[in-house]
Amino acid sequence: MKISFTLNGKKAEVETSTNQTLLDLLRDDLGVKSVKKGCEAGECGACTVLLDGKPVTSCLILAPQVENRHVTTVEGLVEDELMGALREAFMEDGAIQCGFCTPGVLLSAYALLKENPKPTELEVKKSIEGNICRCTGYFKIIEAVMDAAERADT
Amino acid sequence: MKPIPNFILHRPETLEEALKLLSELEGSRPIAGGTDLLIGLREGDCKAKHLVDLGLAKELRYIREDEGMIRIGSTTTLAQVVESRLINAKAPVLSEASSLVGSVQIRNLATIGGNLCNASPGADTAPPLLVLGAEVTIASRNGSKSMTLSELFAGPNRAKLASGELLTEIYFPVTPAGSGASFQKLGRRKGCTLSLINAAAYLEMNGEACREARVAFGACAPTPMRVLDAEVLLRGVKLDIKAIEDVSSACYGLVQPSTRAHARASEEYRREMSCVLMRRALTEAWQRARRNMR
């Protein structure tokens, strides 16, 4: 079946099947490789994308369900100022180790800072609760998100 | 990993159309948030020839108050419950419990109706709704009916829904002045965790006396359940720390946790923790009720 949706600000018309997940559509058919395949059960958050601006696990969404909706991945936020602040903070603060969880964490943090530009540490922790970092670099990630909030402010 | 077995997907835009599809298509199942169902399909725990996606039927997604009742459409997401000003003002216990289900990503997809219809014994939205006295509306092509939330829970992971029936609304009365409620949860971790056991308490105070009391547990029986024998011990009693201690300790013998060896926690541990969580829930509900006197 054919579906159309907005991917990173551009209209996408693609062929999919009813049992294909959004995750597989993005990775296998559209080549969006920042979206990672981890647990495929909604637990690890590596496949996080923004659906109409809200973080969701793309492994638990059927591709046809995004018809007429907006899907955003880090590729679509390269020029975005807030994502730029997050990216720089993550690199400079050592918040990236193996990098597998990073795109998902960045999107969760981005969604938080969009709504809440000056979060508390607890709010940052709560916002990334659905993103598992196997390198367990959580402290640096939390620091980097707090740091990005300051950078974006100035 | 295994692919999701194939099925035919239907995306009706109205409730009426959804009910028609569900009644006419053999082997059909509704899909709301999909956060449990898609995992079940992938694992082979459940089967569906047709999936009827409720996501486009906007009439099932609302939170409103009318004539003393709070009404929540069944496909309202848990994130919408958490963020609802109405729920935060008038039933904060429900937004607190909803905020502890899964992660941000899951709450943006998962629905309150799905959480109840999947009928997990440990569903976090169940105990608060049970103590708020919630009822649900069940619709089918032949009309709609109501039942109490307790009646909906037929067994572990089993809701009392016939094929072709859909849960469309959850509703409960606005609580009066002098009332307070609390939800308590114990998991393996603090965040993003399944409940090993959970509990809720609702108290209505008249001066120092307890006018009404409702308490409920999750993951302490085959279904989430009210504990009527504990409620009787509280109603009409002058509440103090001692009374709360006594009722909480009594929970040890009143809950019926699973004795299965592979359960997430042992029967003994759940009995012990039921006392601890009920003491916390009653203490907080009592504090809130006293603050809520007018």
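Let's start in chain A, where helix α3 (residues 102-115) packs against helix α5 (residues 138-153) with the two axes 11 Å apart and at an angle of about 45°. The crossing of α3(A) and α5(A) is right-handed. On the α3(A) side you'll find A:V105, A:A109 and A:L113, which meet A:I141, A:V145, A:A148, A:A149 and A:A152 from α5(A). By class, the contact of these two helices has eight nonpolar residues, with no polar and no charged ones.

Before going further, a word on what you're looking at: this is a predicted model. It scores ipTM 0.97 and pTM 0.96. For chain B, the mean pLDDT is 96, and 99% of the residues in that chain reach 70 or more.

Now over to chain B, which is divided into three stretches: domain 1 (8-52), domain 2 (60-173) and domain 3 (179-291). If you take the C-alpha centres of domain 1 and domain 3 of chain B, they lie 35 Å apart.

Next, another helix pair, this one in chain B. Helix α11 (residues 241-254) and helix α12 (residues 267-291) of chain B have axes that come within 7 Å and cross at roughly 150°. Since anything over 145 degrees counts as roughly antiparallel, α11(B) is therefore roughly antiparallel to α12(B). Their crossing is right-handed. From α11(B), the contact is made by B:I244, B:E245, B:V247, B:S248, B:S249, B:C251 and B:Y252, while α12(B) brings B:R271, B:S274, B:C275, B:M278, B:R279, B:L282, B:T283 and B:W286. Sorted by class, the contact of α11(B) with α12(B) has eight nonpolar, four polar and three charged residues.

That leaves the place where the chains touch. Here 22 residues of chain B are in contact with 20 residues of chain A. Looking at the chain B side, β1 (8-10), α2 (37-43) and α6 (104-107) each supply at least two residues. Of the elements in chain B, α6(B) gives the most to the side touching chain A, with three residues.

Methods: Residues are numbered from 1 along each chain as its sequence is written. Chains are lettered from A and ligands numbered from 1 in the order in which they are written. This is a predicted model: local features need pLDDT of at least 70, side-chain atom pairs count only at pLDDT 80 or more; totals for chains, interfaces and linings use all residues. Axes are lines fitted to C-alpha atoms, for helices over the stretch in contact, and angles run from 0 to 180 degrees between N-to-C directions. Helices (H or I, at least four residues) and strands (E, at least two) are DSSP runs, numbered from the N terminus. Angles under 35 degrees count as roughly parallel, over 145 as roughly antiparallel, 65 to 115 as roughly perpendicular and the rest as oblique. A crossing is left-handed if the near helix is turned anticlockwise from the far one by less than a right angle, and right-handed if clockwise. Two residues are in contact if their C-beta atoms, placed from the backbone, lie within 7 Å. Ala, Val, Leu, Ile, Met, Phe, Trp, Tyr, Cys and Pro count as nonpolar, Asp, Glu, Lys and Arg as charged, and the others, Gly among them, as polar. Domain bounds come from an automatic or database domain assignment. pLDDT is the predictor's confidence in each residue, from 0 to 100.
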